[in-house]
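Let's take a walk through this structure, stopping at a handful of residues and at the ligand. Keep the view open while you read.

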Amino acid sequence: MATERLLSLLRLLSPQQFVSGTDLAARLGLSRASIHLILQSAESLGINIERVPGRGYRLQQAISWLDAAVMQAALDGAWQIEIQPVIDSTNAELLRRPSLTHPFCLAAELQTAGRGRRGRPWSGAVGGSLLFSVAWPFAMDVSRLSGLSLVVGLALAEALDSCGVPRVQLKWPNDVMVDFRKLAGVLIEVQAEVNSHCRAIIGIGLNVQLPAAVRDDIDQAVVDLAQLLPGSIDRNQLLAAILRALAVRLGQFAREGFAACRAEWELRHAYHGQLVNLHSPDGRLVEGRVAGLGDNGQLLLESAGTRHAIHVGELSLRRAVR
Ligand code: BTN
C-alpha cells in the first residue's frame, strides 16, 4: 500500500518542473508531511528526487511508465495487457488466475517477491526493469513443452535486436546475455489442463536501468540496456516488440516444436563450442565442451569422449568472466 502510494506520487512528478508539496498533498488527499515522508522512501528504490524549499519536488531523471493503451495500440489490439503498479510476482498472479485462457500479458512496475529460476529471487527497479508474465495456452500435453523456454529466449533476443541492442546472445537454457553478462531471464511455470491442453506462464525479467544498489545485490555478472543503448529507453515500445516476437515464435513452437529454430538458437549460443562446467540440480558437476542442442532443446555436452544430453542444469564457463 505504501509503495503503491509512492508510485502514484512519482507519476505526478517529472524532471522538467517542480511540483509543490501543497499541490501533491491536495491531489492525493494527504498532508504535506506525509508527502515528504513518502517521497523520502523513493531513495530506497533508487529514485532520486530533488527538493527545493519554496518550489517543491522534481525527479532527477524521467521515468518511462508502462502504459497498456500505448502497447495495445503498437500491437494493433492483438494482445490483452494489464499493468499493476506493485504486485508480489506477475507469475504468481497469473497462476492465481487459471480462467485466463487467451494470450494475456501482465506487467508490473515493481514486484515485492519476484521469482527467479531455481528458487532464487529476482530483483527489479521502478522504471528500470521490465517485469512481466504472459499466459499462453497450448493445445498439447505438458510433456511436449520441452524446448519452450529456449524458444522464449530466442524471441527475446530477436526483439532486442530489433530495438538496436548490440551483441545479444543466449545462454542455455534461456538467459539473454550480452558480453557474458545477464540482461534478461525467463521463468516458465506450467499448468496442466483437461484434454491434453496446458497453459504456460512465461515470466520475463529484463534489466533496463538498474540502480547501483540493486545491481550490487545480484550475485552474478549483469548488464542493463542503459549500458548498451544511447539515449532513453521507451519501455512500452520495448515490451510491445517483445510481445510481437513472442507471438511469432510461440506460434511456430506450437506447430513445429523446438527443432524448427534449433539452428538459429545454436548460432546465438554464447557457450557454443566452449569448455564449460555443468552444475546439475543434484549437485553433480560435469566438465565438457558444448556440442550443440538436441531436437527438444537438451544441451549436448561432450565429456571424456562421450556425448551427454542434458535436460536441466546451470552452465558456467571454465574461464572466469566478470
Ligand atoms: C531467471 O532466474 O533467470 C528468471 C527470472 C524471471 C523473472 C521474471 S520477472 C517477471 C516474472 N515474475 C516473476 O516473479 N518472475 C518472472
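E193 is partly exposed, because its relative accessible area is 32%; here buried means under 20% relative accessible area, exposed means over 50%, and partly exposed is in between (1.4 Å probe, protein chains only). You'll find E193 in the loop between β8 and β9, where helices (H or I, at least four residues) and strands (E, at least two) are DSSP runs numbered from the N terminus. Look across from E193 to P137: the two are 56 residues apart in sequence, and their C-alpha atoms are 9.6 Å apart in space.

Before going on, a word on what you're looking at. This is a predicted model, so local features need pLDDT of at least 70 and side-chain atom pairs count only at pLDDT 80 or more, while totals for chains, interfaces and linings use all residues. Residues are numbered from 1 along each chain as its sequence is written, and side-chain values use heavy atoms, with hydrogens and water left out.

Two other loop residues are worth a click. A139 sits in the loop between β5 and α6 (148-162), and with 65% relative accessibility A139 counts as exposed. D88 belongs to the loop between β3 and α5 and is partly exposed, at a relative accessible area of 27%. From D88 to Q169 there are 81 residues along the chain, and 29 Å separate their C-alpha atoms.

Now for the ligand. Which residues come nearest to it? Of the 20 residues around the ligand, those are S89, Q111, R115, R117 and K182; a residue is near a molecule if one of its heavy atoms lies within 4 Å of it. R115 has a polar backbone atom 2.7 Å from an oxygen atom of the ligand, and for R117 there is also a polar backbone atom 2.7 Å from a ligand oxygen. With K182 the side chain takes part: one of its polar atoms lies 2.6 Å from an oxygen atom of the ligand. How much of the ligand does the protein bury? Taken alone, the ligand exposes 420 Å², and the protein buries 98% of that; these areas come from the Shrake-Rupley method with a 1.4 Å probe, and for residues only the protein chains shown count as cover.

Where does the shell around the ligand come from? At least two residues each are supplied by α5 (90-95), β5, β8 and β9 (198-207). β8 gives the largest share, 4 residues. Sorted by class, the shell has 6 nonpolar, 10 polar and 4 charged residues; Ala, Val, Leu, Ile, Met, Phe, Trp, Tyr, Cys and Pro count as nonpolar, Asp, Glu, Lys and Arg as charged, and the others, Gly among them, as polar.

Next, aromatic rings. There are 3 aromatic pairs in the structure; rings of Phe, Tyr and Trp (its six-membered ring) pair if their centres lie within 6.5 Å, and planes under 30 degrees apart count as stacked, over 60 as edge-to-face and the rest as tilted. One of the pairs is W79 with W136, which is tilted, at 5.8 Å centre to centre and 45 degrees between the planes. This pair links distant parts of the chain, 57 residues apart: W79 is in the loop between α4 (68-74) and β3 (80-87), and W136 is in strand β5 (residues 129-138). W79 is buried at a relative accessible area of 5%, and W136 is buried at 12%. F180 and Y271 make another tilted pair, 5.5 Å centre to centre with 50 degrees between the planes. F180 lies in the loop between β7 (175-178) and β8 (181-192) and Y271 in the loop between α9 (262-268) and β10 (275-279), so the pair ties together parts 91 residues apart in sequence. F180 and Y271 are both buried.

What about the cysteines? The structure holds 0 disulfides, a disulfide being a pair of cysteine sulfur atoms within 2.5 Å. The sulfur of C105 is too far for a bond, because the closest cysteine sulfur, in C163, is 15 Å away. C198 is in no disulfide either, with the nearest cysteine sulfur, that of C261, 17 Å away. C105 is buried, at a relative accessible area of 0%, and C198 counts as buried at 0% relative accessibility.

Last stop: E314, in strand β14 (residues 314-317). E314 counts as buried, at 15% relative accessibility. Its side chain makes a polar contact with the side chain of R118 (3.0 Å); a polar contact is a pair of N or O atoms within 3.5 Å, and within protein one must be able to donate a hydrogen and the other to accept it, while residues adjacent in sequence count only if both atoms are side-chain atoms.
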